[in-house]
Amino acid sequence: MEVIEMEKFGFTISTGRQIDYESNDRRIAEYILEKEPSFRLCIECGGCSSTCTTANFTLFSLRELNILIKRGEIEKVRENIKKCMLCGKCTLVCPRGVNTRNVVVLTRQALQKADYYAI
Amino acid sequence: MNGNVVVIGGGTAGMEASGQLARAGYLVTLLEKAEEFGGHLNNWYHLFPDRRSGEEVMKYLDNQIDNKNITFHKGIRIDNLEKNKDKFIIKINGGKEIIADAIVVATGFDLFKSERKEEYGYGIYDNVITSVDLERKFRNGDLKLNNGESPKRIGIVHCVGSRDEKVGNLYCSKLCCVTAVKQAIEIREYIKDSKVFCFYMDMRMGGALYEELYMEAQEKYGVNFIRGKVSEVGESIDCELIVKVEDTLAGRPLKMELDMLVLMAGMEISQGSRDVEKALGLKTGDNRFFQSMDNHFGSNISNVDGLFYAGTCTAPMNITETISHARSAVSEVINYLKNGSD
């Protein structure tokens, strides 16, 4: 019997926007925190995003990604982290001394490792 | 030296003011409604920002009032308070009359009653407590859940009863942010494998060494800060607290399970202050605290000649500020007794 795909008729399932802290996976945050402890000091001021060349031309916010990493909302991070050109301007402006550039590098590493179940 | 001064309120401000006046040679009567001096300081285990013990400050204050010029009245109630020409007449405990040339009002604050924010479940769920309850637990060494277990995940809610139109308090109580950070650090030290989450609207770390303490909480103790006002707290069938908040920096609603929730209750003008206000027609501001005659250089001066304010009956203050404010009240009293009102 042919399976009827409801989406063809315009029906979808709403996934919900709520962050469910319990079911999220924060291994990537833990990986970064272990290797770059300054990541803890981020106060989400947005200094990094405002100086960021990528953020000025595309929908990319390192500030937002920082939060999503900490909450374990990884899909958006995975989609966006590639956009960074590693120029390091964000690191120069950070008022809390977070090595933001290294956070990006470690996030990419962690995502790769997570894909191979290495963390 | 001429002049009898009555100090109403035997907390930090009242004790300091009494001690300083007595040392300057004035005769002081210190009135306190409770059975012991010290006021809210008696509830405090450790103080921010250096985590000195509350008892140590109590010792200093006890020492301050150890002076033969001071007459003590504990456990009293004021029946009548009036001004007749230049003299204040105070009747206490159904009869005894005290005449004063000047009064220092050091009637302090009351803690916001957290039951009023019903959505946080204080008084409904066992494991929702206030900052003062937590200090008591630290002091008694029993930071446990109701079932006797150690809490592993603890949330701290900032601004409970402060900056909240719904409870009629638009002002910031100013000390709760740093108290939250201090308590978060202490929880992390007390229970090594615990996780602490602070839910804040703004982090107001304006005092000396506060910002450094905030940084230490993040760096050394891994305290998590989530920007958002908790909107509701519920309980699951196995007694876990379920907290709903918007993580405003992620721009998404967030749901989290916690073992214990600590509410940072704010400060309100005390009932004792309101009684004095009514008796003598003292001016209060929109925030209901006493309104002094000038914000910059008359913060101890009231609208009644010879009556001066000391401490948190005028605004939320920490211990350092309260002691300084009490000392400046003393300087105003001495000036008044020597020169009259200018």
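User: Which residue in β18(B) is the bridge partner of B:Gly155?
Analyst: Keep in mind this is a predicted model. Strand β12 (residues 153–160) of chain B runs parallel to strand β18 (residues 260–265) of chain B, and the two pair over 5 bridges. Within β18(B), the partner that bridges to B:Gly155 is B:Leu261.

User: Which strands of chain B stand at the edges of the open sheet, each with a single partner strand?
Analyst: The sheet has 5 strands with parallel pairing, in the order β11-β18-β12-β13-β14. Each edge strand has just a single partner, so one of its sides is left without a neighbour in the sheet. Those edge strands are β11 (128–130) and β14 (224–227).

User: What does the twist average from one strand to the next in that sheet?
Analyst: We're still on the open sheet of chain B, with its order β11-β18-β12-β13-β14. Going from one strand to the next, the twist averages 25°.

User: Is B:Cys159 buried or exposed?
Analyst: B:Cys159 is found in strand β12 of chain B, and its phi is a positive value near 55°. Most residues other than glycine have a negative phi. The cut-off for buried is under 20% relative accessible area. At 7% relative accessibility, B:Cys159 therefore counts as buried.

User: And where is A:Glu44 found?
Analyst: A:Glu44 also isn't a glycine, yet its phi is positive, near 55°. It counts as buried because its relative accessibility is 9%. Its place is in chain A, in the loop between α1 (27–35) and α2 (47–51).

User: What is omega near for the peptide bond from B:Phe48 to B:Pro49?
Analyst: B:Pro49 is found in the loop between β3 (46–47) and β4 (52–53) of chain B. Most peptide bonds are trans. The one from B:Phe48 to B:Pro49 is cis, with omega near -10°.

Technical notes. Residues numbered from 1 in each chain as written. Chains lettered and ligands numbered in written order. Predicted model: local features only at pLDDT ≥ 70, side-chain atom pairs only at ≥ 80, totals over all residues. Heavy atoms only, no water. Pairing = 2+ DSSP bridges. Helix = DSSP H or I, 4+ residues; strand = E, 2+ residues; numbered from the N terminus. Axes fitted to C-alpha atoms, helices over the stretch in contact; angles between N-to-C directions. Buried < 20%, exposed > 50% of the residue type's maximum accessible area, 1.4 Å probe, protein only.
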